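Here is a set of questions and answers on a predicted model. Please look at the sequence and structure before reading on.

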Amino acid sequence: MRIVLAEDHFLLRDGLIRLLQAYGHEVVAAVDNGADLLKALTEQQPDVAVVDVRLPPSFTDEGLRAVITARRSMPGLPVLLLSQYVEPLYARELLASGGRGVGYMLKDRVTNGSQFLDSIRRVADGGTAMDPEVISQLLVRKERDENIGALSEREREVLEWVAQGRSNAGIAQGLFITEKAVAKHISNIFTKLNLLPTDGDNRRVLAVLAYLDQ
Amino acid sequence: MDRTMQLGGNPAPAEVRGFSASAGFTGLRRALTLCWMSIAGFGRALGVTTAISLIGPGLGLVPRAMERVRALAARQRGLAESWSGVRIPGPPGPLPTAPEGASGAIARYRWIMSDPQTRREFTWILTDPIAGGFLAFMPIAFVLSGFWGIFLAFFGIPLSTEWDGLWYQFIPIDGQATAVLAGVLGVLQLPLALWMAPRAVRKHALYTRSMLAPSEQELMASRIEHLTTTRSTAVDTQMAEIRRIERDLHDGAQARLVAMGMTLDAAEHLLETNPEAVRALLIEARESSSKALEEIRNLVRGIHPPVLADRGLADAVRALAMVCPVPTEVVVDLPGRPEMPVESAAYFAISEILTNVAKHSHADRAWIDIRYDHGMLRITVTDSGRGGADAARGSGLRGIERRLSTFDGVLAVSSPVNGPTMVTMELPCALSSPKTTSS
């Protein structure tokens, strides 16, 4: 895949480039600020962009803003945001820029290379990759809600995986249960949350997120 | 209370200008109230003097009587401000404590004189029934005199014969002409009374201020005391905060990094002999690094939340509301960003209040309102819970109050049993111009 990378920290940028190349991807541009990122995205039209939220010159949410601007002119441009912390508010803004092909992960996740690359691939394919922490923060909010309160421990766990954009097979593998069990859990969750089950993984994610963030 | 307003003198309240009947009638009504208050003041003056001169030991009654005087003074202050816009700063401190074992009239008198504000109130209560009462009674006297003149125009002649001669002001009423003259004079006095009434009320307020207002020096002294207290509180809070951060780092991230180093060291030794064990150790090291990062993240959130730094108070509070277990609505009307320390104090105050709402209120909804006017950041957090928070007035609320006081901010809680609970905070601050985004 052709990847545009935006990360201002030299060590991390270097590490990410090496990681991505090790998995056989091409980093077509590696930039360290918001303006350059916007330019690189327009010029390179990458398969996916991996972007740090906090970038110079403002060192605030420069990366997020650049990405949202870029997606306005290039709808559906797959973007995976990385951050030292996750903020459900930013997740919502990112999703609002068009639900397809977005991801929002903690930077820590890059330490697990294969999972990280998995997320990049999902996003590039138009899927969603939400950090479990976004979901668990939103779940706190819903704790008092009768519906969510009724979810069992296992179902909550499955829900977090679903919201990350995993397929049933992926969840089964991750939680060491059978796919059939996963499907059963998911249908229970959807019933309890009053969501209509749909086919695509991505729509499942969006439905869950939309429900959690009302 | 905006303490800075108390210093640097009071702007002179607007003069009463022109003539309007409605203002006149309002003025008369107010003057009448002030008269009644002077009579009440007379009662309290009697109370104080009696308490001083009573035979018997102890101070007992005098402070109680002065307490009542102070309450009356507070009412006068309120009226002066709302009626005439005359701001009279309140007493800088509470009544002085009575010395143990003091007895006799002299000791009581000395107690009153020991505190400038109490001394001032004592003088005020002795003079107000006369001087203040006179000012307030002036317009009313003109009204009474006016009606008396009109009355004499009709019934003056028979009354004069019965009383063997009668004077209306400077007119001896001895016939039709002088009686009519008295009537005309009387009628003329009524508009005069209306003209005078609002002015008399204002003069009364100014007089009350001259009697009651603490001197600049006393206000300065109390201000210095306030600053000293809040400064030491701020330093203590900051120190405690730094200690907490140090401890968290020491027990958390630092310990994890040490463990990680040890794990990696073990892995290095096992590399040749037991690659399988090395794999497990490496996974362990990675998990340690994740844990360390997580702990640092939580620590940073507690020091200065990134979303607050990125987006400012409005979005940071929205983010708080998003993850609050109680559904919370946020309304923000801020034309710019407050200074960083104020922003941070406001954020953590709201965060703490929301935590309280989620923990104790049993509320199913909450509302946050943030607005800015007249140099004041006003924050209201309301919840639909069961109330009763004021009675419990936990250390949490007092902690918020203490931290806000560093910025001259105040906190008020209204929480009747069965709710709703409303926490209001006010922070004087300046706003920077809205940040222009470069996107």
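Q: How many salt bridges are counted between chain B and chain A?
A: The model is predicted, and over all chains the count comes to 30 salt bridges. Between chain B and chain A, the number is six.

Q: Which residue of chain B meets the side chain of A:Asp61 in a salt bridge?
A: A network of salt bridges with shared partners includes A:Asp61, A:Glu62 and A:Arg65. For A:Asp61, the N to O distance of the salt bridge is 2.1 Å, and the partner in chain B is B:Arg311.

Q: Which helix of chain B gives the most residues to the side that touches chain A?
A: Helix H8 (275-303), helix H9 (306-311) and helix H10 (313-322) of chain B each supply at least two residues of that side. With seven residues, the one that gives the most is H8(B).

Q: Which residue of chain B forms a salt bridge with A:Glu133?
A: A:Glu133 lies in helix H6 (residues 132-142) of chain A and its partner in helix H8 of chain B, so the pair joins two chains. Both residues of the pair are buried. The closest N and O atoms are 3.4 Å apart, and the partner is B:Arg297.

Q: What is the area buried between chain B and chain A?
A: The size of an interface is often given as the accessible area lost when the parts come together. The contact takes 29 residues from chain B and 28 residues from chain A. Carbon and sulfur atoms give 47% of the buried area, which is about 2,400 Å².

Q: Which residues of chain B lose the most area to chain A?
A: Together they account for 29% of what the chain B side buries. One of them, B:Arg311, also meets A:Asp61 in a salt bridge. The residues are B:Arg297, B:Arg311 and B:Met322.

Q: Is A:Arg122 buried or exposed?
A: A:Arg122 forms a salt bridge with A:Asp118, with 3.8 Å between the closest N and O atoms. The two are separated by about one helical turn because they are four residues apart in helix H5 of chain A. The relative accessible area of A:Arg122 is 16%, and the cut-off for buried is under 20%, so A:Arg122 is buried.

Q: What is the relative accessibility of A:Arg121?
A: A:Arg121 also forms a salt bridge with A:Asp118, and both lie in helix H5 (residues 113-124) of chain A, three residues apart. A:Asp118 counts as partly exposed at 31% relative accessibility. A:Arg121 likewise counts as partly exposed, and its value is 37%.

Q: Which residue takes a positive phi just after H9(A)?
A: Helix H9 spans residues 168-175 of chain A, and its buried residues include A:Ile171 and A:Leu175. Just after H9(A), the phi is about 55° at A:Phe176.

Key:
Residues numbered from 1 in each chain as written. Chains lettered and ligands numbered in written order. Predicted model: local features only at pLDDT ≥ 70, side-chain atom pairs only at ≥ 80, totals over all residues. Heavy atoms only, no water. Contact = heavy atoms within 4.5 Å. Buried area = accessible area lost by both parts, 1.4 Å probe. Salt bridge = Lys/Arg side-chain N within 4 Å of Asp/Glu carboxyl O. Buried < 20%, exposed > 50% of the residue type's maximum accessible area, 1.4 Å probe, protein only.
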